[in-house]
2 protein chains.
Amino acid sequence: MVYFFEIARKYSEIIKERGGGGITMDKVQLDFANCMEEKVGKEGIKKEELEKLNSLIKEAHQNIQKKKQDNILGFMQLPYQKSEVQRIKAFADEYRTKFDNFVVIGIGGSALGNIALQTALNHPFYNLLSAGERKGNSRIFVLDNVDPLFTGGLLDVLDLDKTLFNIISKSGNTAEGLANFFILKKALQDKIGDKCGRHIVVTTDKEKGFLRDKEGKGALDSFVIPRNVGGRFSVLSPVGLVSAAFSGIDIELLLSGAEEMDNICNEAEIWKNPAYMYAAIQFLMYRKGKKINVMMPYAHNLKDIADWFRQLWAESLGKKLNNKGEVVNVGPTPVKALGVTDQHSQLQLYMEGPLDKTITFLSVNKFDLQMEIPEFYDHYLKGHTLEELLKSEEKATSLALTQNNRPNLSLVLPQINAHTVGQLIYLLEMATVCMGELFDIDALNQPGVELGKELTYALMGKAGYEKRKEELEQKEAAEGKNIYII
Amino acid sequence: MVYFFEIARKYSEIIKERGGGGITMDKVQLDFANCMEEKVGKEGIKKEELEKLNSLIKEAHQNIQKKKQDNILGFMQLPYQKSEVQRIKAFADEYRTKFDNFVVIGIGGSALGNIALQTALNHPFYNLLSAGERKGNSRIFVLDNVDPLFTGGLLDVLDLDKTLFNIISKSGNTAEGLANFFILKKALQDKIGDKCGRHIVVTTDKEKGFLRDKEGKGALDSFVIPRNVGGRFSVLSPVGLVSAAFSGIDIELLLSGAEEMDNICNEAEIWKNPAYMYAAIQFLMYRKGKKINVMMPYAHNLKDIADWFRQLWAESLGKKLNNKGEVVNVGPTPVKALGVTDQHSQLQLYMEGPLDKTITFLSVNKFDLQMEIPEFYDHYLKGHTLEELLKSEEKATSLALTQNNRPNLSLVLPQINAHTVGQLIYLLEMATVCMGELFDIDALNQPGVELGKELTYALMGKAGYEKRKEELEQKEAAEGKNIYII
C-alpha cells in the first residue's frame with residue numbers, strides 16, 4: 001500500500017476534473033490576528049500603524065509595477081510561460097520513465113527550489129519507493145555541496161547507465177556545480193563512453209556562460225533560465241520545474257496556483273493583498289526590534305519550503321547599503337522550525353527568550369490522509385487522528401505564544417497540493433520584493449558574497465587572481481602564531 | 001563501489017589497531033582568533049575581557065562540579081557506562097542483521113541525537129544502500145512528528161515482518177511518541193499477531209511511566225534513560241546509542257571521544273578548556289548584542305549535529321527567569337547553516353546584515369575521501385580536489401567575514417569519525433552547561449512548554465483538563481469574527 005502517493009495522484013485528478021486550471025480552488029490566506037495589539041499587547045501592532053503604512057505600501061506597489069514593466073522582475077512572468085511548460089512536460093514525459101535517477105547538480109537558487117517542491121509534493125520517502133510505486137518515474141537527487149563524501153556517496157547509489165544529470169547554473173560558471181559536474185561527467189564517460197551527452201541536460205542562460213558554450217550542443221537537451229529571473233526567484237522556472245515534472249508533479253497546477261496569487265497580489269490595497277500585508281507586518285515588527293523571522297510549518301511536507309524561504313528572505317533583504325547609498329546593515333534573520341517536532345526543541349526559547357521574534361506558521365487546514373489512533377490500554381488518545389493531534393498542538397502553541405505576548409501569524413493552506421504550494425511560493429516572493437521596497441534596498445542583488453568568491457578564486461589559482469593570492473600569502477606570513485587556539 | 005562506507009570502516013579498524021580506546025587520537029580544538037579585537041575591531045573581544053571573565057568561569061566550574069557530585073548532571077557519567085555499552089553492543093550484534101529496518105519513535109531529545117549520529121557517521125545515502133553494502137545492518141528511520149502523511153509514508157516503505165521499533169520517551173508518556181507507537185503497533189498486530197512484542201524495544205525510565213508500565217515486559221528488550229539525564233543531553237545514553245549500534249557505528253569509540261573531552265573539560269582554567277572558552281566567548285558576544293549563534297559545519301556529515309545543537313542551546317538557555325527569580329527573558333538563538341551550500345543562501349545576510357551574529361564553523365581538517373576534479377576544457381578547477389575547493393571556500397568565507405568585522409570561530413575536527421564526534425558532542429554539552437552558569441539560569445528545565453502541553457491535553461480531551469477546555473471554549477465564543485484574515 002502506498003498511502004501518500006496514491007492520494008496525491010487522486011487529488012490531482014480531482015482538480016483536473018473540476019476544470020483543469022484549478023483557479024476555482026480555495027485560496028491560501030494570511031491570518032495575522034495574533035500580531036495585533038488586542039492579542040499581544042505592546043509587543044503587537046496597532047491597526048493605525050497598518051493604516052499609516054498603507055501609503056508606503058502603495059508606493060511600493062507602484063515601484064514593483066514599474067519594475068515589472070521594465071522587465072526587471074522576471075519571476076512575475078513565470079506563471080504565464082505556457083509554451084515552456086509544455087516543452088518541459090513533453091521532455092519529462094518522454095524520458096522520466098527511461099531513467100532510474102534524475103540528478104540535479106546545482107547550489108543555492110539552483111537547488112533549494114527543487115528540494116522544496118520534491119518534499120512538498122512527493123511521498124516523504126519517495127526515493128525508497130519501488131519503481132512500480134513511483135509509476136516508473138525517476139528517483140530525484142540534488143547535489144548541492146562539494147563535500148567529497150557527499151559526492152562520492154551519491155556515486156555509490158547511482159547506476160550511471162540509468163541516470164540523467166541536470167546541471168543548473170544561471171551564470172554557467174558556478175565553481176561548485178562545475179566541480180561536481182566534471183567529476184560526474186568523467187565517471188559517465190568511463191562507464192558509457194562517447195554517448196555520455198545523452199545523459200546530460202543543461203539549464204543555464206540562453207546564450208552566455210561556460211556551460212552553454214561548452215555543453216549546450218552535446219547535451220540531450222537544454223533549458224533556459226531567463227536573465228531577469230534571479231536564482232532565488234527561479235523555482236517556478238525550468239530550474240525547479242524539470243525535476244518536478246520528472247517525479248510526476250503536476251507543474252501546470254503549480255503554475256496555476258502562482259497565477260491565482262499573482263492576480264491577488266496585483267492589488268495595491270494592503271487589506272486585500274496578503275503578500276503586502278505579510279511584508280507590512282514583518283517590516284513593523286523589525287522596526288520594533290523583532291529581527292528574527294521564524295517560519296514553522298505544521299506539516300512535514302512543507303519543511304523545505306521554509307528552507308527555500310530562508311534564502312529568499314536572507315539574500316534579498318540582508319544588505320549593507322540602501323538605495324541612497326547609505327550604510328544601513330539591515331536584514332531580518334529567517335529561521336526554520338518544524339511543527340510539532342520543534343516544539344520539543346525550539347519552543348522553550350520562543351516562549352521565554354528575548355522578545356526578538358515573530359513566528360510564521362505554515363498551517364494546513366486538511367490533510368489528505370487520516371490516521372486514526374487505535375485503542376491500547378484505554379489511553380486518552382484513542383479514537384483521535386494524527387491530524388487532530390497535530391492541529392491541536394498547533395493551536396495550543398499559537399495560543400500559548402499569544403498568551404506570552406509573542407506575535408505569531410499563519411499562512412493557511414486549505415490542503416497541500418501543487419496549486420496551493422504554487423500560491424504559497426508566489427505569495428512569499430511578492431512579500432520579499434515588497435519588503436525590499438519598504439527597506440528601500442535592492443532586493444535583487446547580493447554584493448556581499450563577492451569578496452568570498454574572489455578569495456576562493458585566489459586560493460584555487462584561477463587566472464586573474466594572482467595578485468589577491470599574493471596579498472593573502474603576505475598577510476598570512478606577517479601574522480604570528482595563533483595564540484587563540486585551544 | 002561504496003566509497004564512504006568502506007572508508008569509515010577501515011578508519012575505525014585503524015583506530016582499534018592503535019589501541020582501542022582511541023585516546024591517543026588528535027583532539028577537537030577551538031580556534032577563536034577571529035573573535036578578537038585584533039581581527040574584528042570593536043565588534044570583537046579584548047583579551048582583558050576574557051581574563052576578567054576567568055573568575056566567573058572558575059565559579060561556574062565549581063557549580064558544575066558540585067552539581068556533578070550531587071548527581072544532577074547525569075550526562076557527565078555517560079562516557080563511563082561501560083557495562084551498558086556492552087549490553088547495547090551485544091543486543092545490536094544479535095539483532096541488527098535480523099531486521100531490515102530499525103525505527104526510532106521519538107521526538108526532541110529522543111530523536112535529534114539519533115539523527116545527528118546517523119548523518120555524522122554513516123553513508124550519506126545509507127538507507128539507499130543494498131543490504132550487502134550495509135553489511136546486513138538495518139536501515140534506520142526516525143519518526144519524529146505526528147503528521148499523518150509522514151507516518152503513513154513510513155508505513156509504505158516498511159516490511160513490518162522485518163522491522164524493529166524502538167519507542168523512546170523519558171517520561172514514558174509523550175503524546176507524539178505514543179500516538180505513533182499505537183498506530184504502528186496496531187499495524188504490527190494486524191500483520192504478525194501476538195508475536196508483535198518481538199518487534200518492539202522500549203527505551204524509557206527504569207521504573208516509572210506509561211511505557212515501562214504497559215510495554216516494558218512484553219517487549220523484545222528495554223533500555224533505561226537515567227533520571228538525571230535530560231532529553232537534550234541524552235544522545236550518548238541508550239537513547240542515541242542503540243540505533244547507532246544497529247547501523248554499525250562504533251559506539252565505544254564514540255564514548256572514548258566523550259571521555260577524552262571530559263578529561264579536558266575537567267579544567268577550571270578558561271585557557272585550557274575549549275568548552276568554557278566557547279561559552280565565555282558566546283556570553284561576551286551576547287552581552288555585545290550578538291544574540292544569534294550560527295553554527296555552520298563545512299561538512300555534509302555534520303549538518304545534523306548543528307540541528308541537535310539547536311535544541312541543546314535553545315531549550316537550555318532560553319529562559320524567562322534567572323536563578324534569583326528575576327525576569328530576564330534571556331537566550332541566544334541558534335541558527336543552522338551548512339557550508340559551502342549556504343554561502344549561496346545565508347552568507348549575504350551574515351556579511352552585510354545587522355551585526356547581531358557570531359558564526360561557528362565546524363571545520364574538518366582532513367576528509368577520508370579525496371575526489372580529484374578531472375580536466376575538461378582546461379578549466380582552472382582541473383587537478384584540484386573537492387576537499388581543496390571546500391576548504392578554500394571555508395577559508396575565504398572566514399577571511400571575508402573577518403574583514404567585514406563579523407566575529408567567527410571554528411571547532412576543528414582532525415577528521416570525522418566516532419571518536420572526534422564524541423568529543424564534539426561532549427564539548428558542546430559542557431559549553432551549554434557553562435553558559436547556563438554564566439547566565440545564572442537553570443539550563444536543565446523547560447518550563448515554557450508546559451502551557452502549550454496543557455492546552456493540547458485540553459483540546460485532545462485528556463482527563464483532568466476539562467476546566468481548561470471549558471475556558472478555551474468560552475474564550476473562543478467571546479471573541480468576535482476574526483477581521484485580521486485575508
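**Exercise 1.** Find which strands helix 12 of chain A lies across.

*Solution.* Start with the helix. Helix 12 of chain A lies across strand 7, strand 10 and strand 11 of chain A. Helices (H or I, at least four residues) and strands (E, at least two) are DSSP runs, numbered from the N terminus. Next, take the direction. Helix 12 runs at about 170° to strand 10 of chain A. Axes are lines fitted to C-alpha atoms, for helices over the stretch in contact, and angles run from 0 to 180 degrees between N-to-C directions.

This is a predicted model: local features need pLDDT of at least 70, side-chain atom pairs count only at pLDDT 80 or more, and totals for chains, interfaces and linings use all residues. Residues are numbered from 1 along each chain as its sequence is written, while chains are lettered from A and ligands numbered from 1 in the order in which they are written.

**Exercise 2.** Work out the strand order of the open sheet and name its edges.

*Solution.* The order is 1-12-11-7-10 in chain A, with mixed pairing. Two strands pair if DSSP finds at least two bridges between them. Now look at the ends. Strand 1 (29-31) and strand 10 (333-336) each have a single partner strand, so one side of each lacks a neighbour in the sheet.

**Exercise 3.** Describe how the two domains of chain A touch.

*Solution.* First, the bounds: domain 1 is 9-69 + 254-439 and domain 2 is 97-247. They come from an automatic or database domain assignment. Then count. Domain 1 gives 20 residues to the contact and domain 2 gives 14 residues. Residues are in contact if their C-beta atoms, placed from the backbone, lie within 7 Å. Finally, find the main supplier. Helix 12 of chain A gives the largest share of the domain 1 side, nine residues.
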